[in-house]
Amino acid sequence: MREVFRLPDVGEGIAQAEIVEYLVNVGDSVKADQNVVRIETDKAVVELPSPFAGTVAEIPHEPGDTVNVGDALLVIETEAKAAEEKTEQREKPATEKPEKPEKRPAERPRAVEKTEKPTAEAPPAETAPAERVMATPHTRRLARELGVDINIVKGSGPHGRITDEDVRQAVSRVPSAPPKAPTAAAVQAPATAGFDFEKYGPTRRVPLKGVRKRIAEVMARSVSTIPHVAHFDEADVTELLQVVARERSLAESRGIKLTILSFLAKAAAAGLKKHPMVNSSLDEETGELVFKDYINIGIATDTEAGLMVPVVRDVDRKSILEIAADLQELSKKARDRTIDLEDLRGGTFTITNVGAIGGTWATPIILHPQVAILASMRATKRPVVRDDHVVVRTMMPLTLSFDHRVLDGADSGRFINHVKELLEDPLRMLVDVA
Amino acid sequence: MKEESNKDLIQVMDPDGRIVDKSALKAIKESDMLEMYRLMNFTRLWNSKALSLQRQGRMGTLASVRGQEASNVGMGLALGPEDWFCPSFREYGAMFARGIRPEELYRYWGGDERGARPLEGSRVMPVCITVGSHLLHAAGIAWGAKIRGERIAVMSSSGDGSTSQGDFHEALNFAGVFKLPVVFAIQNNHWAISVPVEKQTASETLAEKACAYGIRGARVDGNDIIAVYSTVKKLLDVARSDYRPALVELVTYRMDDHTTADDASRYRTKEMLAPWQGKDPIDRLRKYLSAEHGWDDQKEKGLIEELTAEVEQCVKEYEGAPHPPPEQIFEHTYAELPWHLREEREELLQQVGDAEK
């Protein structure tokens, strides 16, 4: 019987080897475990012993040839009796199914194999087998995140292993089917790679993790995807502040802290209702605008872990006190980290009240996939002109950052004008806002 | 190349099989020596067959023990019946001496985790690949035994490379402070993969490190099985009866590659290997047995044939056993699999399922 000695993986994960020298010739008789060929892998030069006793029938390669794991190294004519024993031994395991070695990744590669195979069996190892692609869990996750089908990525790593870089390149090569929101950080090599911070003085390294890491990812994605425009305006909140001061005790009697933020949310909700584009999203995959029949406003909240954006639901259907109560509860939960993930999701618009801390102007970054974010700055008394007279009023600067793919300056202007009107004339809110 | 230090080296038999210290022979019977000889030969044959299987694609990998059979078998036989042994991964001879079944070690190196199951009653811990971590296990077992008032000893075995690990320091210091019944055997085979022992430590010997921990140190010709056996046995006896820990350096040599995935010729010259060719531990004992106990070619041939058949039987049992279920690789590390491993497991099972269709 003819037996084929195939190149085994002799080095914990080699794919191929070079034939250095055959230690036998055709016609030589060989004993089992006698060294028959010397090969060189990328790890070592090793001599391989024959698994069979018999006569060398065929030497399919020459020194210098490169052979892949699974390729024939030597064909040996064995005595039938010996071959039978071998067969018996191999067929013993009860769990073994009819041999289809090329398709069984779970089994170690078989170096020993008979040549006499029924033709109906699996194709020979030489035809490229449909293998499971090789990639680490990290790379697989990256592919999932970037929306890349890992099965079609060509691996450049050892033995065709797919690297992170391969996945990223696959992203940039498929313009017809843009992946879901590739991040700037993911598409390019990190700009700080190889940067020698220590050169200029001692440093300290703290891993970016948790909320901070999430913020970094989300912000980088937003800025790299969305063409931002910032629209500045300011609202005269003198009267509104009087209303807030007057109603504060009512709110307190219900255990609610009333601030200007609840009014701002209500006014924004009214603006969103009137200008549904500002409440929409762009589905980048299908190129469609998604209009939402609900208004959920995220409120950027400063916590010890970093910025969190809890979402007040259905702002358009809540009273100002209800909004204030929601805000109070959500921001407390965000600060002591008891907030549900659900309360951080589903926002259609965001307000960031940077003014609570300070500042006159800011250009906030949109929370992708929303299309706008409103920043309210610190309200201060300023000289302004009313009826040709300079008077002192409390002015609150506002910035609306918007996605210029979806909205234009005119849309933004109209939206802000509406919000501003309501803020400047609280009675209007009573009359005009549902 | 540095001249090999002979400092404080305990030797009973020189490389030509001549006895240099007769007193050590008193406690050893002829039958003990024949058992040593048999086990060393079995270990070598088992080892060379495993290398052959690996080169034929029938075994995952192997860390060859050729050249270290005397250190292996000597320390294994020195252990008392109730003693514990914590091996690393190049102690087959010692494990065989403790009753570990050789086909189980084939399974282990063949990638079947079931081969790592500890043998009930053997008091041998599973193979420890993590360098040096098991010295702490040994110290811990010894401490437990001391607290319970058991009169047993514990021995670990590790390589010269392990002496550079933090675990080595912790284990020896702990053993010294708490006076534990433990012996740390170091098989100084001169190589930690490609790092030579000269680069491993600035100490002249590994045994002298014991001094720093306030424990006993001994340095033995590790290719002299009589010296290994008698020295280790004495140290274990003292550890057991007096709670006195010890460090014993067995000076030997790794004659093969680190593992089958290594190629020692890339960092080790023939000149380095040459002095050790003449110090083979098996040749040495054979010379002595031939000179003193009538060992002859016929007996030799008979023994080798018998042991070769035993090894072949091990191969049959190893290769004949049903393969482990592929999902076995996911077992035994996590009580609950993390998501990425669950995903891999499902993917694997699906592919196996597809392949079987």
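Residues are numbered from 1 along each chain as its sequence is written, and chains are lettered from A, with ligands numbered from 1, in the order in which they are written. Because the model is predicted, local features need pLDDT of at least 70 and side-chain atom pairs count only at pLDDT 80 or more, while totals for chains, interfaces and linings use all residues. The mean pLDDT (the predictor's confidence in each residue, from 0 to 100) of chain B is 94.

Strand 8 of chain B covers residues 246–251; helices (H or I, at least four residues) and strands (E, at least two) are DSSP runs, numbered from the N terminus. Six of its six residues are buried, so strand 8 is largely enclosed by the rest of the structure. A residue is buried if 20 or more other C-beta atoms, placed from the backbone, lie within 10 Å of its own. Ala246(B), Val248(B) and Leu250(B) cover one side of the strand, and Leu247(B), Glu249(B) and Val251(B) the other.

| Partner in chain B | Bridges | Sense | Opposite residues |
|---|---|---|---|
| Strand 4 (residues 182–188) | six | parallel | Val183(B) and Ala246(B) |
| Strand 7 (residues 216–221) | six | parallel | Asp221(B) and Val251(B) |

Leu172(B) lies in helix 6 (residues 166–178) of chain B. This residue is buried because 25 other C-beta atoms lie within 10 Å. Beyond neighbours within four places in sequence, Leu172(B) is in contact (C-beta atoms, placed from the backbone, within 7 Å) with residues including Phe184(B) and Leu247(B).

Definitions and conventions. A residue is buried if 20 or more other C-beta atoms lie within 10 Å of its own, exposed if 12 or fewer, and partly exposed in between; C-beta atoms are placed from the backbone. Two residues are in contact if their C-beta atoms, placed from the backbone, lie within 7 Å. Two strands pair if DSSP finds at least two bridges between them.
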